[in-house]
Amino acid sequence: MSLNSASLTGQGPCKVTAVIVTYNRLSMLKTVIKHTLAQNFSSVVVVNNASPDGTRGWLAGQTDPRLHILNETINLGGAGGFARGMDYAARQTDCEWIVCFDDDAWPQPGALGQFQSLSLSSETGGVAAAVYFPDDTVCDMNRPGLSPFRKIGSIIRLIRERKKTFAIDLAAYEKDELQPVDYASFVGFFVRAGLVRGSLGLPQRDLFVYADDTLYTWKLRSLGWKIKFAPGIRFYHDCSTTVDFSRNHWKMYYIIRNRIIFYRKISGILFFPFSMLLVFSVFRLYLKNRNIRNVRRLVLTAMWDGFLQNTERNHESVVSIYEIS
């Protein structure tokens with residue numbers, strides 16, 4: 001189960017390819033590309049999900065030889081975009097590691113060097129960076145997590161302390177050491193390219209958006225590989241912690257369906273008693289957005305597909321749920 005980790009233990013810096021997925025966010029992408037190319041990545045793969053805002057033309061004018069531009073004809077979503085970019089990075093560049101991040105996130109100065117200086121065991125398959133907002137506060141949506149379902153004591157402690165998240169404590173960000181985690185987001189997530197080519201494979205494309213990263217990293221742990229949280233590797237994420245449904249109502253479907261799929265994976269035989277809490281959280285989401293047209297249909301369809309683990313509904317079909325009069 002081990003891969004050669006010599007490049008991270010004293011035989012020179014390892015080669016790392018960055019994979020960035022973008023859709024219709026050109027002004028932010030320009031900032032991301034600037035900060036990314038300022039560091040010594042061996043290659044930078046940009047997956048343009050058919051952005052209609054001039055992204056393709058701007059990317060065509062970039063001359064850095066490390067850039068690899070993949071222009072898609074349709075929007076593959078974040079999941080499809082990362083699958084496309086990671087497959088290309090693993091097979092078409094000579095990298096040893098791949099790092100993923102969104103088109104509104106970028107590595108802080110020295111982040112790559114911090115990663116390359118790590119002393120990682122051969123059993124470590126992934127490394128999660130510490131993600132902050134540009135004002136240097138921790139970005140909660142990108143906090144790695146620890147599954148409480150491995151031990152009964154962890155579940156009892158979670159209930160007793162009334163925790164609303166499985167994310168690691170904020171105190172972990174202050175420690176000067178690598179810490180084990182069970183899953184992470186794709187903002188600043190490093191994974192061995194050999195695993196992407198092999199047993200781990202690619203993110204699940206049909207998830208479209210949301211939870212593709214946590215499911216992918218959980219799969220890595222389930223295969224027996226370790227994931228380490230590295231607080232010294234810092235990324236910025238210029239985003240909001242809340243998802244805005246005012247323009248893209250269909251996002252609610254993916255959040256609900258994919259969250260159910262993720263929690264079913266990590267909870268195992270405890271899913272059915274835990275599912276009552278999931279239903280309650282979905283009901284609260286519904287109440288907050290009950291003025292959206294056809295929101296009840298969106299929520300019920302998402303729950304139905306989530307509990308059935310059904311990811312066959314394509315994006316056009318999801319959008320049409322909202323549009324049905």
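I take buried to mean under 20% relative accessible area, and I keep in mind throughout that this is a predicted model.

**Helix H10**

With that cut-off I went through H10 and found that Val295, Leu298, Val299, Thr301, Ala302, Met303, Asp305 and Gly306 are buried. I then checked the length of the helix, which covers residues 295–307: at 1.5 Å a residue its 13 residues should span 18 Å, and because the end C-alpha atoms are 18 Å apart, the expectation and the model agree. Just after H10 I noted Gln309, which takes a positive phi of about 60°.

I looked up Tyr263 next and found its place in helix H8. Its relative accessibility is 18%, so Tyr263 counts as buried, given that the limit for that word is under 20%. Leaving aside the neighbours within four places in sequence, I listed the contacts of Tyr263 as Phe166, Phe271, Phe274 and Leu278.

**H7 against H8**

Staying with H8, I turned to the way helix H7 (residues 212–222) packs on helix H8 (residues 251–267), and I recorded an angle of about 15° with the axes 9 Å apart. Since angles under 35 degrees count as roughly parallel, H7 and H8 are therefore roughly parallel to each other. The crossing in which H7 passes H8 is left-handed. On the H7 side I found Thr214, Leu215 and Trp218, which meet Ile261, Phe262, Lys265 and Ile266 in H8. Sorted by class, this contact has 5 nonpolar residues, 1 polar and 1 charged.

**Helix H3**

I repeated the length check on H3, residues 77–92, where 16 residues at 1.5 Å each should span 22 Å; the end C-alpha atoms are 22 Å apart, which means that this helix also agrees with its expected span.

**The protein as a whole**

Last, I stepped back to the whole protein, whose secondary structure comes to 11 helices and 9 strands. Of its 325 residues, 53% are buried. I also looked at contacts between residues at least 6 apart in sequence, and 81% of these join residues at least 24 apart.

Definitions and conventions
Residues numbered from 1 in each chain as written. Predicted model: local features only at pLDDT ≥ 70, side-chain atom pairs only at ≥ 80, totals over all residues. Heavy atoms only, no water. Helix = DSSP H or I, 4+ residues; strand = E, 2+ residues; numbered from the N terminus. Expected span 1.5 Å × (residues − 1). Buried < 20%, exposed > 50% of the residue type's maximum accessible area, 1.4 Å probe, protein only. Axes fitted to C-alpha atoms, helices over the stretch in contact; angles between N-to-C directions. Parallel < 35°, antiparallel > 145°, perpendicular 65-115°, else oblique. Left-handed = near helix turned anticlockwise from the far one by under 90°. Contact = heavy atoms within 4.5 Å. Nonpolar A, V, L, I, M, F, W, Y, C, P; charged D, E, K, R; others polar.
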